[in-house]
Structures are given as C-alpha cells and as structure tokens.
Amino acid sequence: SLALLVGRPNLGTQTQNANEHTGSKNNISLTTVLLRMAACDTVVIVTGASRGFGEAAAVQLAKHYQQQGIQACFVLTARDSAALDSVASAVNAYGCETRVVTMDLAQSCVDLQAAIDNLFKVAFPNPELAVGVNALLINNAGTLGDVEHTVANYSNDLSALATFVTVNITSLVAITSRFLKVAKKGVIVNISSLLALQPDAGMGMYCMAKAGRDLFHAVVAKEETEVKTLNYAPGPLDTDMQEVLRETLINDQSKAFYIDMHSKGSLVKPQESAQKMVQILHENHFDSGSHVDFFDDFPIAK
C-alpha cells in the first residue's frame, strides 16, 4: 500500500481541539502551527476544500489517517474562509493538524503566483525537511463554465473564457508544478469527470477543462517516478454544481436526466464517493496516470 496512507505510527502531537487551527480566532500562534506542520509524516493539500467533494475528501482522508495512526497535516484552500474554518474543525476532530489558506484562483498571473507561493510556504515551511514526508495533492478546485450557451457563443465573452481557463487549467498546472518541485514522494489526485472522456452538448468549457486536466496528469505520470497521479471521476454528485446544471443547462436532454436523477435520489453523496477515493488510494492498485470512475469495478494494476 502507499506509504502515504499507511505511514509510521502517530506520534501523538496532533491537535485534539477541533477549533485549534490558524483559520480560527484562537490563541494558537502561527509559529506553533508551522512547527507542527513541519513535524508531520504526511502533508495533504486540498484545493476547493470549503464544500462539496473537496470538503468530503478532506474529512474522509482525516478519518482514514486517524484509523491508520498516521500523523497528517492538512492545508485546505478555497475562497470562503468561514466555510474553510468549518471544514478544518471537522478535520481537527480526527486528530489532524490543519492550516487554512484563503485564495481566489481567478486572479492575475502575478497575484496568482504570489498566492501559490504562500500556499506552499504554509504546506512546506521547511522544504529541506520534505525529503522524508509523504505528500498528497487533491486537485479539486474547478468550475462548470458557461452551460447556458453552446460553443458558437463563447467568443461573445472572452474575458469570462479567460477566467475559466485560469481557474480550471492555469492554476492547476502551476500548483501541480510547484508540488512536484517540493514533494519528493506522494500522489496527486485530479478530480475528473465522465465528461473528460465523453462529450456532451452545452458542456464545452467543462469537457475541455476536464479532458485537458486528465491528459496533463497522465503526462506527469510519464515524467515522475516517485509521484503517482490518479484521475478520479467522483460520479454525478449531489452538490451545488449539480443544482446549477438542473436549473441552467442549455441541453434539455441532459438537463432532464439530471432532474430525474435528483428526484429519484440517485445522485452520489460526496462522502460516499470520497470514501471510494480513499479506498483506491489505500489499496494502490491503480496505474499512475489512469482514469478511474466511482462506478468502475475496483481497478487492478496491469
């Protein structure tokens, strides 16, 4: 199994107080938190961690680490600081250290670079000591893009298109690149979609981003020997994003399909899908760079 998910025993230094993280207003000092982060066996970075699948992934991973006796430190990032605080408290409840980093991925290149610099200073306060640390990056942050129009209308708003690419592609590439420079061993999970493989009318931006992200992580798998990548499609999740599709998707057939799934209660719960992801990582039977769907039979390495 991956050392990432079955590391050496917990040393008992992690926080037990669910409110004891630097995203909360408490008396714990930044220096204390960074020292604790530096002492961790495993560092986990989750983007888009304030809600939906990102929140579920963070909590389910923390639960798993506690069960395995792994000393893990989480760096949770998203735009909503209050929501991040809530997720951090849930992660703390499983005995893991947390640090929240509020950042907006829809920034200018200069500002985005500075935000990413800060993210990795928090995640790896002493890069020289990262050699013995397992690292996990969950590339979850992303948006739907314009689902109210077809491709023929995309040229009407190039600013919106550029912002979409920055949030869904540019920031992910930059964060992954920085992760590979610092992390000496570990795993990168790209939160993918069936639409990375199958096109659907009205989902042009989303399909483009998901397909590009999948292939990008497959390239990383070709280039890196100590870092594995996994493209994990979590299934049609019961999240705010799904609600947007049911209300605004221009493709009436797909829109009706999603409405029917919701009415029948057949959408996938984020927690359930996150548990499947944790299982896949723990068993480590996936080929690096592969695409695995929530509904797939458990993957067996070639």
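Is Asp117 buried, partly exposed or exposed in this structure? With a relative accessible area of 26%, Asp117 is partly exposed, where buried means under 20% relative accessible area, exposed over 50% and partly exposed in between (1.4 Å probe, protein chains only). The model is predicted, so local features need pLDDT of at least 70 and side-chain atom pairs count only at pLDDT 80 or more, while totals for chains, interfaces and linings use all residues. Residues are numbered from 1 along each chain as its sequence is written, and side-chain values use heavy atoms, with hydrogens and water left out.

Salt bridges were examined next. Side chains of opposite charge can pair when their charged atoms come close. A salt bridge is defined as a side-chain nitrogen of Lys or Arg within 4 Å of a carboxyl oxygen of Asp or Glu, and the structure holds four of them. In one of these, the side chains of Asp240 and Arg51 meet with N to O at 3.1 Å. Because Asp240 belongs to helix α7 (residues 240–248) and Arg51 to the loop between β1 (42–47) and α2 (52–68), this pair ties together parts that are 189 residues apart in sequence. Helices (H or I, at least four residues) and strands (E, at least two) are DSSP runs, numbered from the N terminus. Asp240 is partly exposed, at 44% relative accessibility.

Asp117 takes part in a salt bridge with Arg178 (2.5 Å, N to O). Asp117 lies in helix α4 (residues 109–123) and Arg178 in helix α5 (residues 158–182), so the pair ties together parts that are 61 residues apart in sequence. A salt bridge also joins Asp238 and Lys269, whose closest N and O atoms are 3.1 Å apart. This pair links distant parts of the chain, 31 residues apart: Asp238 is in the loop between β6 (227–233) and α7, and Lys269 in the loop between α8 (252–264) and α9 (270–283). Asp238 is partly exposed at 30%, as is Lys269 at 44%.

Aromatic rings were also considered. Rings of Phe, Tyr and Trp (its six-membered ring) pair if their centres lie within 6.5 Å; planes under 30 degrees apart count as stacked, over 60 as edge-to-face and the rest as tilted. By this rule there are five aromatic pairs. Among them is the tilted pair of Phe53 and Tyr232, at 6.1 Å centre to centre with 35 degrees between the planes. Phe53 lies in helix α2 and Tyr232 in strand β6, so the pair ties together parts that are 179 residues apart in sequence. Phe53 is buried at 4% relative accessibility, and Tyr232 is buried at 0%.
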